[in-house]
Amino acid sequence: MADLILHHYPTSPFAEKIRLVLGYKNLAWKSVIIPMIMPKPDVVALTGGYRKTPVLQIGADIYCDTALICDVLEHLQPEPSLYPEPSKGMGRTLAQWADTTLFWTAMAYNFQPPGVAQVFANTPPEAAKAFADDRQAMRQGMPRMPAADSAAAYKSYLRRLSDMLDDWPFLLGSLPSIADFAAYHPLWFTRHRVAVMADILHATPAVLAWMDRMAALGHGQPDDFSASQAIDLCAASTPLALAADTVFQDEHGIPLGSTVTIGAETFGQEPTEGELLAASRTRYTLRRQDPRAGVVHVHFPRIGYTLRAVGA
Ligand SMILES: N[C@@H](CCC(=O)N[C@@H](CS)C(=O)NCC(=O)O)C(=O)O
């Protein structure tokens with residue numbers, strides 16, 4: 001298997017989702033630690049604009065968004081599966097809820113004053129301000145949930161998760177599925193990054209026991225790698241050929257070969273510009289040339305991302 005290179009930082013919840021998937025699939029991977037805030041010149045050399053965390057690199061192919069990264073890892077290492085039957089559709093749907101509604105509710109709860117004080121306890125005030133300004137800019141007007149509302153909603157969501165664990169060790173059955181990895185990471189942040197806020201988890205001991213089972217999956221075998229090594233490896237690699245049977249699913253009236261941008265629908269919409277190489281049922285592929293990284297194929301999921309023709 002080609003080297004899997006994860007660009008991430010230790011405190012990122014979405015990165016923890018992927019680190020645990022790598023553990024569940026018992027994979028070896030290279031770990032590149034990236035900055036938590038902009039500027040991220042080494043990340044952008046690879047992605048062309050996308051700045052969110054994490055990003056998976058395989059040679060000169062860059063995969064953005066954890067939903068897509070999970071699909072790629074499943075393809076490379078099908079067992080154990082993230083999408084066990086018969087609850088595959090339910091798993092993906094529950095994961096989408098967890099990565100959005102549950103995540104934002106947990107973050108509104110986590111980042112109340114005691115949580116913020118804990119996260120930035122050993123950080124100079126300028127760094128805390130730079131983080132707050134960076135995330136504020138990423139929101140671009142996205143509404144912020146009031147703390148009291150988030151506490152009540154978070155408690156309800158934890159009870160729902162607990163109900164799902166009445167008869168099974170994992171949310172949808174006897175084995176973990178994509179739903180478990182997606183629901184785990186916002187709670188992991190509460191438990192480990194803002195422990196001062198973690199009392200909320202104690203009303204649902206079944207959730208805590210499930211979190212212990214998830215943590216026991218581990219992180220696979222990470223190996224340190226530097227950003228410049230990753231960029232050099234990209235420059236020395238050729239992007240993978242697209243599958244010959246990739247069907248062009250055109251819903252925008254934008255022909256393949258057009259110069260386009262792709263950006264997230266919400267939060268961190270920095271677009272990537274390139275040539276539209278493929279638009280399959282589930283993902284987009286852009287080709288771009290970078291002075292440092294060479295020719296790169298950047299892949300995005302269709303769900304949650306907006307495709308636009310440049311100059312249209
Ligand atoms: N839908 C994205 C969400 C990723 C995301 O929001 N990650 C957070 C970190 S957990 C982020 O990018 N924060 C800003 C940053 O790291 O620059 C995914 O599934 O990968």
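Trainee: How far does a backbone N or O atom of methionine 36 lie from an oxygen atom of the ligand?

Mentor: A polar contact is a pair of N or O atoms within 3.5 Å; within protein, one must be able to donate a hydrogen and the other to accept it, and residues adjacent in sequence count only if both atoms are side-chain atoms. For methionine 36, the backbone atom lies 3.5 Å from the ligand oxygen. Lysine 40 has a side-chain N or O atom 2.6 Å from an oxygen atom of the ligand. Threonine 53 places a polar side-chain atom 2.6 Å from a ligand oxygen. This is a predicted model: local features need pLDDT of at least 70, side-chain atom pairs count only at pLDDT 80 or more, and totals for chains, interfaces and linings use all residues. Residues are numbered from 1 along each chain as its sequence is written, and side-chain values use heavy atoms, with hydrogens and water left out.

Trainee: How many residues surround the ligand?

Mentor: A residue is near if one of its heavy atoms lies within 4 Å. Here 14 residues surround the ligand, and the closest are Tyr9, Lys40, Thr53, Asp65 and Thr66. The shell divides into 6 nonpolar, 3 polar and 5 charged residues. For these classes, Ala, Val, Leu, Ile, Met, Phe, Trp, Tyr, Cys and Pro count as nonpolar, Asp, Glu, Lys and Arg as charged, and the others, Gly among them, as polar.

Trainee: What does aspartate 65 reach at the start of H3?

Mentor: Helices (H or I, at least four residues) and strands (E, at least two) are DSSP runs, numbered from the N terminus. A side-chain oxygen of aspartate 65 comes within 2.9 Å of the backbone nitrogen of alanine 67. H3 spans residues 66-76, and its buried residues include Thr66, Leu68 and Ile69. Buried means under 20% relative accessible area, exposed over 50%, partly exposed in between (1.4 Å probe, protein chains only).

Trainee: How do S1 and S2 run?

Mentor: Two strands pair if DSSP finds at least two bridges between them. S1 (residues 5-8) and S2 (residues 28-33) run parallel, joined by 4 bridges. Leucine 6 stands opposite serine 31 of S2. In S5, serine 31 has aspartate 224 as its bridge partner. S2 and S5 (residues 221-224) also run parallel, with 4 bridges.
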